[in-house]
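Work through the exercises below with the sequence and the model side by side, and try each task before reading its solution.

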Amino acid sequence: MNYRFQNLLGAPYRGGNAVVVNNTLLISPVGNRVAVTDLQKSETLTLPCQASTNLRRLAASHDGVFLLTVDENNRCLFINLPRRAVLHRISFKHPVADAKFSPDGKFIAVAAGKLLQVWRAPGFKKEFFPFELIKTYADCNDRITSLDWSPDSNYLVVGSKDLTARLFYLKNGSAKKNSYTKPFLFLGHRDVILGAFFGVNKNTNVVTKVYTFSRDGAIFSWGYSDSDGKPNEIDEDFSDPESPGTPEQGQGQDGEDGNEANLKKRKKIEAKDDDMDGTNGPALHKMKWELLKKNFCMQAPAKLTACDYHKGLDMVVVGFSNGVFALYQMPDFVCIHLLSISREKITTAVFNDLGNWLTFGCARLGQLLVWEWKSESYILKQQGHYFDVNCLAYSSDSQLLATGADDNKIKVWTVSSGFCFITFSEHTNSVTALHFIAGKNCLLSASLDGTVRAWDLIRYRNFRTFVTPTPKQFVSLASDQSGEVICAGTLDSFEIFVWSMNTGRLLDVLSGHEGPVHGLMFSPTSAILASSSWDKSVRLWDIFDGKGGVEKFDHTHEILTLVYRPDGKQLACSTLDGLIHFWDPIDGLEMFTIEGRRDISGGRLMSDRRSSANSSAGKCFTSLSYSADGSYILAGGSSKYICMYDVADQVLLRRFQITQNLSLDGVLDFLNSKNMTEAGPLDLIDDHDSDTEEGVDKQIRDKLAYDLPGSMPNNGRPIIRTKCLRIAPTGRSWAAATTEGVMLYSMDESFIFDPTDLDIDVTPEAVDAALKNDQPRIALILSLRMNEDALIKKCIVAVAPSDIPAVASSVPFRYLQRLVEALAELLEKCPHLEFVMQWSQELFKAHGDSIQQNSRKLSPAMKSLQKAITMLHQDLADTCSSNEYMLRYLCSTSNKK
């Protein structure tokens, strides 16, 4: 059961700044994780490492190798991006507003409160303390908001909340500790500085300008005048003032002491070195800077909230609190684009390296956009669910995942790429249940608005809507194997409604439950419908014969959900007392129970008066899901844990902790008593009103409701929970709808050595020897006994096409499942399509009867193979349809020859 975290769907962006590296990799913070989107391949993945709280700031090195993340607790992770591994950790003592790598990659500048800190960047080698603080500047009078490096890594321009920007000189990062150069101040803004950037000469790459951005939409251009071809220097003389008539002490014959002469000589040399910064340009800190131009964006009353500058194109992009962004060509301030892309505040705006793509993020709506300004087209357009995800559903081939949420929307995601490709928004209330109809490209959804809708996934439209004579609220959904009969359970009338898929007519209303019907599922092998309710009973219904309720299973506590085993011979349901009951639906007998109260308990809310061990809240399972072969079951609820149980032995196999994000409530088991005050827990007191005072709403997603008593549960602090669990039909992955989004876990067997029939003679050398002696059958069986993935694929490819029937028929049945899994993986990556398809065909011909008799055991492997074949079929169909005339031409020319 080697499931590992793979991806996070439903939340492409949650706040903070986005970063683009290598021109095509978009890195964005998602809660306490980092999402990496490849804009060329159109796929996204989430790094497995987690921060302690929500991420506040990202910084990437210019070569795209290192990533620096800083969270709300000022804890920093230094990540190797290609290997997705955390190299170093450090905690800063002040809130970090900005951080950037120097262009040469040697230093990291960090805006920590009022302090500007320059650190030496760590490398790949192991060090006891990899972060070395080079210098700290304490010249700012208020919190620093932004910083930017000069191309030669010698200067920093810094903007702060004291309405000024400052130019700092680093002296190549090797300044003496007792030396100090007073920064130059750029004054004149009337609001907080949000951005300060260096402008360079395109030909020489020498700094010629400085641009400063303030929150009121003002953009100031600064430069230094040069009339004689030399920069105007400001003379600084820190020597003693003249004292006429006072004799000098220690004078020699020529009026100078020897030591004093050497000191003056050394000062002259240092001054000469300081006039030029040593690499490529004048000493900017000694220039006479002046204000060249004032420009205003004129978007009042909206405030400027995000900005970026591209040095190569000399262009500026700014985003505003009303969702408008503007693109200007500098230094003439020519408006190229002025568009509205959102109805909420734009929280990040950034150029890519070439400057042809613009990245925008809106934290409140969870939007992430990449826009090409030349062609005026979208490269990426993703938006997560506005509220929590309620339900999930996998398609029969495990390629698609549908999610429904409290924002009344349904989104369908491609599992392999992590992208949402269609959003349905016809529902007018929360979506509570989803169901795919196998083989019909159809998705069903139930909602609290009183409708059940059927969606066409080819034409992307709602082609059927099922309603009731009087409005009801639906909370559960099911359909039979053929997809002809649709059933939905209600929250308010405690009834089950049955419709015909073809006609849309209401066929029957099943009554008998005395509480909300939260569980509904058809038997996979028969026409029996099972339903569970809060009235402490599970009922079985025979819909097609018109017999109504045929069986009733009573329990001692309210039933929260139920699920059938894939072979239809077992039924599992969870109750409010934390038990999972397993029933035989054929004989009507309870087989056994699993007590999971202790397994799922964990996590104490800030408002809880009792510890997590003594609290009774949340110690039950609200969602269950069987594996594809029925050997284990996943269970989750209002907890940070998801439990995996072995059904045959009723033991806990593994417990997954879905997050370690301390920004969510219910993650800690023990609370710190120091945070308890007379007014309640310190974390639930919202005293952070600085952004509200400045006229801009806070950008965090958990402050979504109005600030009214009772309007926000837990004072707006999200509580960690799992609302829905689904295992993919292939059995290779599973998904969980959590507070942070939809988490995908997949099976990773690349590092596992799990031999099935190991002997002293079964070695990789024996496999290679058999292949050299032209004995592919022996080599394949030896590799299957070792269960080594690379060796199995090597032996499969080594078999000649003419020998495939003989080798396939000689494979023992106990190795058949492993061989089918290897063929499915080969189909996805191997270029020999016809060869692998011939292998599959001959294997099924030789072992057809055995496969049919053991269909339950082989079901996950067979579905994996079906998924791979379906994907290849779709890719080939698209390729052939787009090149139809070229193929006709090639066929006609071959016939003429």
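The model is predicted, so local features need pLDDT of at least 70 and side-chain atom pairs count only at pLDDT 80 or more, while totals for chains, interfaces and linings use all residues. Residues are numbered from 1 along each chain as its sequence is written, and side-chain values use heavy atoms, with hydrogens and water left out.

**Exercise 1.** State how many helices and strands the protein chain has, and what percentage of its residues count as buried.

*Solution.* Counting DSSP runs (helices: H or I, at least four residues; strands: E, at least two; numbered from the N terminus) gives 12 helices and 58 strands. Buried (under 20% relative accessible area, 1.4 Å probe, protein chains only) applies to 52% of the 897 residues.

**Exercise 2.** Check the length of helix α9 and list its buried residues.

*Solution.* The expected span is 1.5 Å times one less than the number of residues. For the 14 residues of α9 (residues 833-846) this gives 20 Å, and the end C-alpha atoms are 20 Å apart, which agrees. Buried within α9 are F835, V836, W839, S840, E842 and L843.

**Exercise 3.** Identify which residues touch the most other members of the largest nonpolar core, and which helix supplies its largest share.

*Solution.* A nonpolar core is a set of buried Ala, Val, Leu, Ile, Met, Phe, Trp, Tyr and Cys residues joined through side-chain atoms within 4.5 Å. Among the 37 residues of the largest one, L780, L784, I796, L819, L823, W839 and L843 touch the most other members. Helices supplying at least two residues each include α4 (764-772), α9 and α11 (855-882), and the largest share, 8 residues, comes from α8. Another core, of 21 residues, lies apart from this one and includes L725, I727, W734 and M743.

How values were computed: Buried < 20%, exposed > 50% of the residue type's maximum accessible area, 1.4 Å probe, protein only.
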